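Subject: Structure for you to look at

Hello,

Please find the structure below, followed by notes on what was found in it. The notes go through it part by part.

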Amino acid sequence: PPADELSNMTTTAPKVVTSAMAPTTAGEGGVKNFADPEIGYGIAYPSQWIAAKSSPFTVIFNGKEGTDAYLATVSIQNVRADGLAAADGSAATNVLTDLKSWLAQEMKNVSYAGERSYAYSRGGLRLDGHEFQVSYSRKNQRFQQWTVIVPRPVGKIAHVWSYTAPQALFGSFRPIAAAMLNSWAIYPTGE
């Protein structure tokens with residue numbers, strides 16, 4: 001789903017990611033680094049892609065218009081969880097529940113796969129969250145989405161990282177999305 005629409009929303013063995021943010025091989029031309037301490041993270045992305053803030057708490061990365069990479073988007077949103085949430089990960093759980101509810105209401109033929117716990121662990125910071133893949137139909141087109149949700153170290157905010165593409169393109173751009181996810185650095189301070 002479009003990242004802007006999600007910003008209004010308030011298992012198996014865990015996957016642990018331990019690599020630090022560093023230049024990655026994410027396509028021709030190297031990488032650029034996006035960093036914004038106010039929203040709490042930095043990430044590397046392909047130098048031929050564009051980073052755009054679609055709202056104060058949402059950043060979308062994709063290729064240039066007119067290319068297949070334009071249809072493959074990685075987005076990161078800071079979403080406030082409904083209800084009580086603390087550093088115990090309940091912010092991520094609450095946001096996961098809201099996201100699934102939104103997908104069920106807004107999309108057609110929703111099908112989940114690969115749902116599991118996700119452990120973000122870098123630079124001494126460990127955050128326990130959730131990961132899943134979902135496919136759905138929207139405007140007569142089939143999409144695939146890979147989503148990781150992790151809470152901020154404190155408070156009611158969760159980061160929602162998503163890679164979305166038309167199903168026919170999903171596999172082609174997944175290595176780039178994976179490199180971006182592996183470069184993602186969450187800053188421990190601030191909400």
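Q145 is buried because its relative accessibility is 1%, where buried means under 20% relative accessible area, exposed over 50% and partly exposed in between (1.4 Å probe, protein chains only). The model is a predicted one, in which local features need pLDDT of at least 70, side-chain atom pairs count only at pLDDT 80 or more, and totals for chains, interfaces and linings use all residues. Residues are numbered from 1 along each chain as its sequence is written, and side-chain values use heavy atoms, with hydrogens and water left out.

Q145 belongs to strand 9, residues 141–151. Helices (H or I, at least four residues) and strands (E, at least two) are DSSP runs, numbered from the N terminus. The side chain of Q145 has a polar contact of 3.4 Å with the side chain of T164. A polar contact is a pair of N or O atoms within 3.5 Å; within protein, one must be able to donate a hydrogen and the other to accept it, and residues adjacent in sequence count only if both atoms are side-chain atoms.

S162, in strand 10, is also buried, since its relative accessibility is 3%. Its side chain makes a polar contact of 2.9 Å with the side chain of T147. Leaving aside residues up to four places away in sequence, S162 touches T73, V74, S75, Q145, W146 and T147, where contact means heavy atoms within 4.5 Å.

Strand 6 and its partners

Strand 6 (residues 73–80) is mostly covered, with 6 of its 8 residues buried. Strand 6 runs antiparallel to strand 10 (residues 157–166), and 8 bridges join them; two strands pair if DSSP finds at least two bridges between them. Within this pairing, S75 has S162 as its bridge partner. Strand 5 (residues 58–62) is joined to strand 6 by 4 bridges, also antiparallel, and T58 stands opposite Q77 there.

Most residues other than glycine have a negative phi. K139 is not a glycine, yet its phi is positive, at about 50°. N140, another residue other than glycine, has a positive phi near 65°. K139 sits in the loop between strand 8 (125–138) and strand 9, and N140 is in the loop between strand 8 and strand 9 as well. K139 counts as exposed because its relative accessible area is 73%; N140 is exposed too, at 86% relative accessibility.

An open sheet is made of 3 strands in the order 2-3-11, with antiparallel pairing. Its edges are strand 2 (31–36) and strand 11 (185–186), each of which pairs on one side only. Strand 3 (residues 41–46) is linked to strand 11 by 2 bridges, and Y41 has I186 as its bridge partner.

Helix 3 (residues 167–183) lies across strand 3 and strand 11, at about 155° to strand 3. Axes are lines fitted to C-alpha atoms, for helices over the stretch in contact, and angles run from 0 to 180 degrees between N-to-C directions. Buried residues in helix 3 include L169, F170, F173, I176 and A177. Helix 3 bends by about 55° at F173, with a proline, P175, following within four residues; the bend is the angle between axes fitted to the seven residues ending there and the seven starting there.

Regards
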